[in-house]
Amino acid sequence: MIILHEHLPQEAEHIAEIVRQIYNIPIRLDDQILRNFFPALLKFQGHLTSQPWKEDTLSEIFSGEKILILTPRDLYCNDHSKDDDWIFGYSRENVAVVTVARMKKRDRQPSETLHIPEKDYLKRIATLAVHEIGHDIIGREHMQPAVWINTKTDYKLPLGPHCTDNRCAMYEVVDIQAPSKEEGYMQLGEEKKYDAGLNDLLERMYPEMLCFPCKEAVNIPERYY
Ligand SMILES: [Zn+2]
Ligand SMILES: [Zn+2]
């Protein structure tokens, strides 16, 4: 697997070390600025997620090897709501993406400078990397569909299948701190969850990051090697 980072060498090194430990896959690093890969989203001062054809083109350049992109850009999966459509990362077949834009402060506000201890920052981004790669290589039989629901506006953002064990890196997070009941919640299958903050997950997460059913369901395809 390749970690393609937009000049984030220290972050990329750390993620590589953790992902190697968790999934036991070979990883190499490549430092490249991805111009035009994430379309500019000027009204939110950010970028949209990449289009599948660009991911296919990038994938061809790297002979189909799995790519994890690490970017400082603030990413949105939609242009409807600045408060709801921002994301920490996403996962598709060729490409998984993690952005560090909202990883640097106590809350989820985007920042270029670090406002928290470096070890906490690195733990956040490594957990997201394990999570996004996990979407591609962990079987989903034991997972449930997650949806972010904004209580004030009733806006719903589908987030895909996620683990139901809240100590597992494949549990979904919708913010840095779990949102208050007034703000919203994560629907996970039939249940309403109020514990979907990244900080909360990091505090209770298994030392080995994945729960037993997730570990059992890991199946790494050829394109990772
Ligand atoms: Zn996820
Ligand atoms: Zn799990």
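Among contacts between residues at least 6 apart in sequence, 68% join residues at least 24 apart. These values describe a predicted model, in which the protein comprises 5 helices and 13 strands. Its radius of gyration is 16 Å, close to the 17 Å that the globule rule gives for 225 residues, so the protein is as compact as a globular protein of that length. Taken along the principal axes, the C-alpha atoms fill a box of roughly 45 × 45 × 35 Å.

Burial and surface may be considered next. Of the 225 residues, 53% are buried. The protein exposes about 10,800 Å², and carbon and sulfur atoms supply 49% of that area. As for charge, the protein carries 27 positive and 37 negative charges, whose mean positions are 3 Å apart.

Beyond its neighbours within four places in sequence, His5 is in contact with Ala12, Leu29, Asp30, Asp31, Gln32 and Leu70. Asp200, by comparison, is 195 residues from His5 in sequence and 27 Å from it in space, C-alpha to C-alpha.

The cysteines complete the account. Cys211 has a relative accessible area of 3% and is therefore buried. Cys214 likewise counts as buried, because its relative accessibility is 0%. A disulfide is a covalent bond between the sulfur atoms of two cysteines; the structure holds 0 disulfides.

Note on methods:
Residues numbered from 1 in each chain as written. Chains lettered and ligands numbered in written order. Predicted model: local features only at pLDDT ≥ 70, side-chain atom pairs only at ≥ 80, totals over all residues. Heavy atoms only, no water. Disulfide = S-S within 2.5 Å. Buried < 20%, exposed > 50% of the residue type's maximum accessible area, 1.4 Å probe, protein only. Contact = heavy atoms within 4.5 Å. Helix = DSSP H or I, 4+ residues; strand = E, 2+ residues; numbered from the N terminus. Rg over C-alpha atoms; globule rule 2.2 N^0.38 Å. Areas by Shrake-Rupley, 256 points an atom, 1.4 Å probe, with all protein chains shown as cover. Lys, Arg positive; Asp, Glu negative; His and termini not counted. Charge placed at Lys NZ, Arg CZ, Asp CG, Glu CD.
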